[in-house]
Amino acid sequence: MAAAAAEAECDVVMAAPDGPGETDSDEEARREAEAFKEQGNAYYAKKDYNEAFNYYTKAIDTCPNNASYYGNRAATLMMLGRFREALEDAQQSVRLDDSFVRGHLREGKCHLSLGNAMAASRCFQRVLELDHKNTQAQQELKNATTVLEYEKIAEVDFEKRDFRKVVFCMDRALEFAPACHRFKILKAECLALLGRYPEAQSVASDILRMDSTNADALYVRGLCLYYEDCIEKAVQFFVQALRMAPDHEKACLACRNAKALKAKKEDGNKAFKKGNYKLAYELYTEALGIDPNNIKTNAKLYCNRGTVNSKLRKLEEAIDDCTNAVKLDDTYVKAYLRRAQCYMDTEQYEDAVRDYEKVYQTEKTKEHKQLLKNAQVELKKSKRKDYYKILGVNKNASEDEIKKAYRKRALMHHPDRHSGASAEVQKEEEKKFKEVGEAFTILSDPKKKARYDSGQDLEEDGLNMGEFDPNNIFKAFFSGPGGFSFEASGPGNFFFQFG
């Protein structure tokens, strides 16, 4: 604003008489106008621009053909940030006096502030024709050239979808053209495309406060809502923009996409609720193809499709969909929860713990804490030996099933049965025999089994597997009056003799 003040300095020279035919009433009007002007100058000096404006207006009303009065009012309007009105006064001042240097300067400055750098350049060039040493015009001409360069760069970068670069260019251009709605709108649109919605909304809202019918600002406001998944409200703004400018191509395309996306998503939701998962999958997939730029809505669509895949027991596909969802929106708790459950279902416990930790950090609820705890328990259990797998039974196996499984596996891996095998095979079979004994020791004891199933440390029961002797378990299990022994009946064949 200080720079504007320099260019907007009021004129204090006395107006020249209108001509040799001036009457007494004309002279009186001129003096009255000059008095109004002097009062305006005094208020201007005090930075009371509203009062200055009033007195310059009185001067113009009294003598409407004086260029300096329009020039001074233009200067005041510039200080008030009312550049469009200032431009009209500046243009009127040079129409009345084409040699009025300050009038041309002010017109150029208004054009530049409003973003019309080409028109501004013509004004500054006219000043230099009248006064080739005018340093202010020389500098302003450079400023106008700079703005034109930023405009060209921004146009190319927008086509390249380098929206950050466009925002940078518009910020630089707005330093010289602070009242240019066109630059502000382009910046706001790029901010929206970058996902910086609050900033974009702020710029668009500022413009709408000054001009509620600005179709571009209405479009950007709708775009922000559209990208924030407030599609219904977004459509209202797009429709309003099209009322103001029926040929607004961007608003037309955005409105069409918004309506199509809303309809397709709702159809997918309906199909899901009816249990028609195949159709829901197809509809969500079609919705994802409508607008790749709508990150938040697409994140929800990926998560919805992930839920469908989980219902269809396509768990890896569900995980992929949820991963795509959090790539688009890394704050999307629901997608993390869905993926974590799929990880649990596929026994990928480390990944499940990571997702639940992310969720709990975001929303510290009792439910999320319990989910994390459960995943941590399962992870801990997964790192231990799977005794059910060793015995070849499921987790709901009965006591008899566990005994039968032990009998079968113990006889299968007993070292005596493999006494004729290579050292490597004997070592492997001994290891398996020991594991079978460990499994039976734990799963045949209700207390130990309960602790094992809950993920608790078995060492607390005094069971040290490092000192465990599987032969003792074997002897106890097969104990009888005559004992037990292996006897060979031929190469590679054994029978078991019980006493």
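**Figure 1. A polar contact joins the side chains of Q201 and E228.** The two side chains come within 2.7 Å of each other; a polar contact is a pair of N or O atoms within 3.5 Å, in which, within protein, one atom must be able to donate a hydrogen and the other to accept it, and residues adjacent in sequence count only if both atoms are side-chain atoms. The model is predicted, and local features require pLDDT of at least 70 and side-chain atom pairs pLDDT 80 or more, whereas totals for chains, interfaces and linings use all residues. Residues are numbered from 1 along each chain as its sequence is written, and side-chain values use heavy atoms, with hydrogens and water left out. Q201 belongs to helix 11 (residues 197–210); helices (H or I, at least four residues) and strands (E, at least two) are DSSP runs numbered from the N terminus. With a relative accessible area of 18%, Q201 is buried, a term that means under 20%, while exposed means over 50% and partly exposed lies in between (1.4 Å probe, protein chains only). Neighbours within four places in sequence aside, Q201 is in contact (heavy atoms within 4.5 Å) with R221, C224 and E228. The C-alpha atoms of Q201 and E189 are 9.3 Å apart in space, for a separation of 12 residues in sequence.

**Figure 2. The largest nonpolar core holds 72 residues.** A nonpolar core is a set of buried Ala, Val, Leu, Ile, Met, Phe, Trp, Tyr and Cys residues joined through side-chain atoms within 4.5 Å. In soluble globular proteins, nonpolar side chains tend to be buried together. The members that touch the most other members are L112, M170, F183, Y219, V220, Y226 and F238. Helix 12 (residues 215–227) contributes 9 residues to this core, the most of any element. Apart from this core lies another, of 20 residues, which includes Y387, I390, L391 and A410. Not counting residues up to four places away in sequence, V220 touches I185, A188, E189, A200 and A204.

**Figure 3. Y219 and F238 form one of the 12 aromatic pairs found in a search of the whole structure.** Rings of Phe, Tyr and Trp (its six-membered ring) pair if their centres lie within 6.5 Å; planes under 30 degrees apart count as stacked, over 60 as edge-to-face and the rest as tilted. The ring centres of Y219 and F238 are 6.1 Å apart and their planes meet at 35 degrees, so this pair is tilted. Because Y219 lies in helix 12 and F238 in helix 13 (residues 231–244), the pair ties together parts that are 19 residues apart in sequence. Y219 is buried, at a relative accessible area of 7%, and F238 is buried at 0%. Y219 and F238 also share one aromatic cluster with Y197, Y226 and Y227.

**Figure 4. Y406 and F440 form a stacked aromatic pair.** Their rings lie 4.4 Å centre to centre, with 20 degrees between the planes. Y406 is in helix 22 and F440 in helix 23 (residues 423–443), so the pair ties together parts that are 34 residues apart in sequence. Both Y406 and F440 are buried. The 15 residues of helix 22 (residues 399–413) should span 21 Å at 1.5 Å a residue, and the end C-alpha atoms are 21 Å apart, which agrees; the expected span is 1.5 Å times one less than the number of residues.

**Figure 5. N294 occupies the loop between helix 15 (277–288) and helix 16 (295–311).** N294 is buried, with a relative accessible area of 0%. The side chain of N294 makes a polar contact of 3.0 Å with the side chain of T297. Residues up to four places away in sequence are not counted among the residues that N294 touches, which are Y226, Y227 and L261.

**Figure 6. H104 is placed in helix 6 (residues 101–113).** H104 counts as buried, at 5% relative accessibility. A polar atom of the H104 side chain lies 2.7 Å from the backbone oxygen of D98. Leaving aside neighbours within four places in sequence, the contacts of H104 are V94, D98, C123, R126, V127 and L130.
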